[in-house]
Amino acid sequence: MRGVYLEEEINGFIFREYSDLGRPRVLVLGLPDVGLVGSIAAMHIIRSLDLKDSVGVESYAFLPPVVVITRGEPKHPMRIYSNGEIAALVTDVPVSPAGIPALSSAIVEYARRKGVELLVSITGLGSPARLKGGEPKAYWIASTERAERKAQSLGLERFSDGIMVGPYSIVLKEAARKRVDNIVILVESYVDFPDPEAAAEAVKAVSKLTGVNIDVGKLLKEAETLKLRLQELMKGTKETLSKMGKGYEYSSTLIYS
Amino acid sequence: MSYPDDVARIIRYFRRRMEEIESLAMSAISDLLEYPSPGDLATKARMLRDGAIEPLVSVFDEGEYLLIAVNLPGAARDSIEVRLYTDRVEIRAILQEETVRRALGSLYWSRGLREYRGSFKLPAPIDPSTAEKEVRGDILLIRARKLIQS
């Protein structure tokens with residue numbers, strides 16, 4: 001938490017820019033969710049592209065009173081890393097369910113103000129088939145026609161029918177309302193276990209969207225170690241997801257096609 | 001034993017010790033470079049209590065059967081012990097030293113973490129005699145028929 005030179009408050013969330021964020025064209029969102037797919041993918045992107053810690057996101061109302069100390073330096077638990085071209089948001093703590101609408105909406109507004117061209121949300125799509133050894137399949141949802149054209153280049157299937165619960169649902173709705181391009185990458189994943197293999201599929205999609213090659217070899221090689229490391233974050237996330245009504249994702253929609 | 005055999009044995013001994021030192025150094029460097037998070041700290045605090053990790057468990061209702069999935073990354077496959085009761089499942093498995101060292105770094109050295117251990121209540125009673133077990137990667141799958149309650 002070095003000297004802050006730019007601070008913006010949106011919906012009760014303060015975005016503290018302490019090193020130059022630049023004008024990233026893509027912002028990847030890695031919030032803890034099913035299988036921790038977004039968190040694992042975003043952290044891998046940060047490490048692979050050597051993104052720099054640029055912005056701390058704070059809310060005394062919706063985030064727990066936590067400060068992260070890294071090599072003696074205090075940091076916000078929710079941070080945006082950037083190399084000026086690609087940025088990624090990660091958090092070390094789950095957001096309280098009550099704060100999710102405000103946070104999701106604030107992220108979209110912040111991205112809009114910063115001139116971000118594409119918001120990429122990464123989430124797991126809980127699939128019991130993963131337990132049977134199936135390869136994780138990825139899908140997409142887009143907020144605008146322009147985002148839809150970008151997503152079609154992925155060569156993935158469009159997610160056609162279902163219910164999405166959690167922060168990414170509000171990001172998608174707000175992005176559509178504000179004409180911000182948002183692509184949600186949903187990858188079939190374990191419901192309650194960290195899933196680095198599913199995260200690797202999401203990273204491959206981000207590679208295609210950005211045109212920047214991000215190798216997933218190291219992520220897959222370290223999968224077992226990561227799963228062991230992330231056991232406790234997964235336990236915390238499970239509790240938050242159940243409070244958010246994540247179970248609705250397994251119900252069918254009212255309108256059918 | 002001949003002189004060359006002795007030399008070879010000594011070289012093997014020193015190579016093993018060097019590998020251990022290298023592994024310790026790598027885990028210490030990894031600890032310094034890692035992004036520490038409260039999640040990590042909570043993990044470490046919990047494990048400090050008893051030196052065992054409670055595994056993640058997922059239970060799926062498949063109508064007549066319950067499918068119980070237990071995530072055991074880093075466990076030695078042949079060490080997995082399962083005890084099934086009508087209302088709960090107990091799991092125990094030995095952790096592989098090298099994986100724990102890479103994943104949790106210095107905690108391994110301070111606490112000598114050795115195993116997964118946990119007892120989980122089932123959402124419906126089962127008949128343990130019908131259970132079928134299978135290990136897929138780092139996931140233990142147990143499928144057992146539900147008991148029909150009168």
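Trainee: Is Lys75(A) buried or exposed?
Mentor: Lys75(A) is buried, at a relative accessible area of 11%. Buried means under 20% relative accessible area, exposed over 50%, and partly exposed in between, with a 1.4 Å probe and protein chains only. This is a predicted model, where local features need pLDDT of at least 70, side-chain atom pairs count only at pLDDT 80 or more, and totals for chains, interfaces and linings use all residues. Residues are numbered from 1 along each chain as its sequence is written, chains are lettered from A and ligands numbered from 1 in the order in which they are written, and side-chain values use heavy atoms, with hydrogens and water left out.

Trainee: Where does Lys75(A) sit?
Mentor: In strand 6 of chain A, residues 73-75. Helices (H or I, at least four residues) and strands (E, at least two) are DSSP runs, numbered from the N terminus.

Trainee: What's the strand order in the open sheet of chain A?
Mentor: Ten strands, ordered 1-2-4-7-8-3-9-12-10-11, with mixed pairing. Two strands pair if DSSP finds at least two bridges between them.

Trainee: Which are the edge strands?
Mentor: Strand 1 (6-10) and strand 11 (157-158) of chain A, each pairing on one side only.

Trainee: How does strand 1 of chain A pair with strand 2?
Mentor: Antiparallel, over five bridges, with strand 2 covering residues 13-17 of chain A. Leu6(A) is opposite Glu17(A). The two strands form a hairpin with two residues between them, and Asn11(A) in the turn has a positive phi of about 50°.

Trainee: And strands 4 and 7 of chain A, how many bridges?
Mentor: Five, again in the antiparallel sense, between residues 52-58 and residues 78-82. Val57(A) faces Met78(A) there.

Trainee: Switching to helices. At what angle do helix 2 and helix 4 of chain A cross?
Mentor: Roughly 45°, with the axes of helix 2 (residues 100-113) and helix 4 (residues 167-177) coming within 8 Å. Axes are lines fitted to C-alpha atoms, for helices over the stretch in contact, and angles run from 0 to 180 degrees between N-to-C directions. That makes helix 2 of chain A oblique to helix 4 of chain A; angles under 35 degrees count as roughly parallel, over 145 as roughly antiparallel, 65 to 115 as roughly perpendicular and the rest as oblique.

Trainee: Which residues make the contact?
Mentor: Contact means heavy atoms within 4.5 Å. Helix 2 of chain A brings Ile100(A), Pro101(A), Ser104(A), Ser105(A) and Val108(A), while helix 4 of chain A brings Pro167(A), Ile170(A), Val171(A), Glu174(A) and Ala175(A).

Trainee: On to chain B. How many helices and strands?
Mentor: Four helices and eight strands. From the N terminus the elements run α-α-β-β-β-β-β-α-α-β-β-β. Of the 150 residues in chain B, 39% are buried.

Trainee: Why is strand 3 of chain B called largely enclosed?
Mentor: Because six of the seven residues of strand 3 (residues 65-71) of chain B are buried.

Trainee: What does strand 3 of chain B pair with?
Mentor: Strand 2 (residues 56-62) of chain B joins strand 3 through seven bridges, antiparallel. Glu62(B) is opposite Tyr65(B), and the two strands form a hairpin with two residues between them, where Gly63(B) in the turn has a positive phi of about 80°. Strand 8 (residues 139-145) of chain B also runs antiparallel to strand 3, joined by seven bridges, and Asn71(B) has Ile139(B) as its bridge partner.
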